[in-house]
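My notes follow the order in which I went through them.

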Amino acid sequence: FEEGVAGWTIGGSGSSWELGTPAGFAIVGAPPATPGSINSWVTNLDGYYNNGEKSWVISPCMDFSSLVFPYIELDVNWDIQEYSDGAKVQYSTDGGFSWSDLGNVGEGENWYDSYLCYSMYPTYYISDYRGWQNTATGWKHAFYDLAFLAGEPSVRFRFIFSSDTYWNFNDGIAFDNFNIQDPYANDIGVVAVITPESAVSLTASEIVSILVENFGTLPQSDFDVAYQVNGGTIHTEA
C-alpha cells in the first residue's frame with residue numbers, strides 16, 4: 001500500500017477507514033517486520049473508530065485460475081470494544097454480488113479471537129458473530145488456507161468492521177502486507193522435536209528424533225537434517 005489504494009475501495013456507512021500511518025492510542029506505526037513501510041489500512045489513523053459503523057474495505061478482483069494451493073497472509077493489529085464490536089474478512093467469487101465469511105476462531109494463524117461481535121447483526125446477514133475483538137497488543141502475522149478457492153477466476157476480499165451506537169474508546173483494526181500466493185515448490189521445515197523430551201536426565205548418548213513437514217507442492221526425499229547442542233559440533237544426517 002506504499003503507492004496508494006491500488007484498486008481497494010471503501011464502502012458502507014459511517015466509515016472511518018483510512019490509508020496511512022497509524023497514529024492512534026493502541027495501534028501506532030506500520031508493522032515492524034517491514035522497515036520503510038508507512039502505509040496501512042486502519043479505522044481512523046489517529047483516533048477512535050465511529051459509533052454505529054458498518055463499513056468495509058474491498059480488494060480489487062483477483063484471478064485464481066492458475067493457483068493450486070493458494071493462501072492469504074497479512075499483518076493485522078486490532079483494538080476493539082469487547083462483547084459487541086468486531087472485524088472479519090469475507091470473500092466473493094461473483095465479483096462482489098454475494099459474500100461469505102472467511103474462517104473461524106481457532107483456524108489459520110492469528111485468525112479471529114471472538115464469537116461475540118454482536119454488532120455485526122443484521123447488516124452483514126451472517127449466521128454468527130465471529131471475528132477479531134479485544135486487543136492484539138501489537139501487530140500479528142495472520143495466515144489462512146485458500147485452497148478451496150483454487151481455480152476461481154474472479155475473487156474479491158473485503159475487511160468488514162462493525163460497531164454499536166454506544167461509547168467506545170478503541171482504535172479498531174489495521175491491516176498491511178496483504179499477500180496471496182501458492183506455496184513454494186520446495187519448502188520443508190522442522191515442526192517439532194520428539195526426543196529427547198527433557199534436558200534434566202540426558203546422558204552422553206541420546207536419540208534425537210524430529211518431525212519434519214513438507215510445506216511445498218513437490219514431494220521431498222534425500223534431504224539432510226542437522227542439529228547442534230550448546231554451540232558444539234554440528235551433526236548432520238541424511
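Predicted model: local features only at pLDDT ≥ 70, side-chain atom pairs only at ≥ 80, totals over all residues.

**Entry 1: the nonpolar cores**

I began with the largest nonpolar core, which holds 32 residues. Which of them touch the most other members? I found Ile72, Leu102, Trp111, Trp132, Leu146, Phe157 and Ile173. I then looked up the elements behind this core: strand 5 (71-80), strand 6 (86-92), strand 9 (140-145), strand 10 (156-162) and strand 11 (172-181) each give two or more residues. Strand 5 has the largest share of this core, with 5 residues. I also noted another core lying apart from it, made of 5 residues, among them Val42, Leu45, Trp139 and Ala174. A general reminder for myself: in soluble globular proteins, nonpolar side chains tend to be buried together.

**Entry 2: aromatic pairs**

How many aromatic pairs does the structure hold? I get 23.

Trp17 and Phe175 make an edge-to-face pair, with 5.9 Å centre to centre and 70 degrees between the planes. Trp17 belongs to strand 2 (residues 17-20) and Phe175 to strand 11, so this pair ties together parts that are 158 residues apart in sequence. Are these two residues buried or exposed? Both Trp17 and Phe175 are buried. For Trp17 the relative accessible area is 5%, and the cut-off for buried is under 20%.

Tyr48 and Phe169 are also edge-to-face, at 5.7 Å centre to centre and 85 degrees between the planes. I placed Tyr48 in the loop between strand 3 (40-43) and strand 4 (54-58), and Phe169 in the loop between strand 10 and strand 11, so the pair ties together parts that are 121 residues apart in sequence. Tyr48 is partly exposed, with a relative accessible area of 32%, whereas Phe169 is exposed at 55%.

**Entry 3: a cluster and a charge over a ring**

Which residues form one aromatic cluster with Trp17? I list Phe1, Trp8, Trp41, Phe64, Phe157, Phe159, Phe175 and Phe178. Phe157 also turned up among the core residues that touch the most other members.

I checked for a charge over a ring too, and Arg158 lies over the face of Trp56, at 4.8 Å from the ring centre.

**Entry 4: the largest pocket**

The largest pocket has about 460 Å³ of space. I find 14 residues in its lining, with Thr195, Pro196, Val208, Ser209 and Tyr227 nearest its centre. Which strands each supply at least two residues of the lining? They are strand 12 (188-195), strand 13 (209-214) and strand 14 (225-227). Strand 14 gives the most, with 3 residues. By type, I note 9 nonpolar, 3 polar and 2 charged residues in the lining.

**Entry 5: two distances**

Last, I looked up some separations. Glu213 is found in strand 13 and is partly exposed, at 38% relative accessibility. Its C-alpha atom is 43 Å from that of Ser15, and Glu213 and Ser15 are 198 residues apart along the chain. Trp17, in strand 2, is 51 residues from Val68 in sequence, and their C-alpha atoms are 33 Å apart in space.

Notes: Residues numbered from 1 in each chain as written. Heavy atoms only, no water. 1 Å grid on protein atoms, 1.4 Å probe; cavity = no way out; pocket = protein on both sides within 12 Å on 5 of 7 lines; lining within 4 Å. Points joined across faces, edges and corners; volume = space filled by probe spheres on them. Helix = DSSP H or I, 4+ residues; strand = E, 2+ residues; numbered from the N terminus. Nonpolar A, V, L, I, M, F, W, Y, C, P; charged D, E, K, R; others polar. Core = buried A, V, L, I, M, F, W, Y, C linked by side-chain atoms within 4.5 Å. Buried < 20%, exposed > 50% of the residue type's maximum accessible area, 1.4 Å probe, protein only. Phe/Tyr/Trp six-rings, centres within 6.5 Å; stacked < 30°, edge-to-face > 60°. Lys NZ or Arg CZ within 6 Å of the ring centre and 35° of its normal.
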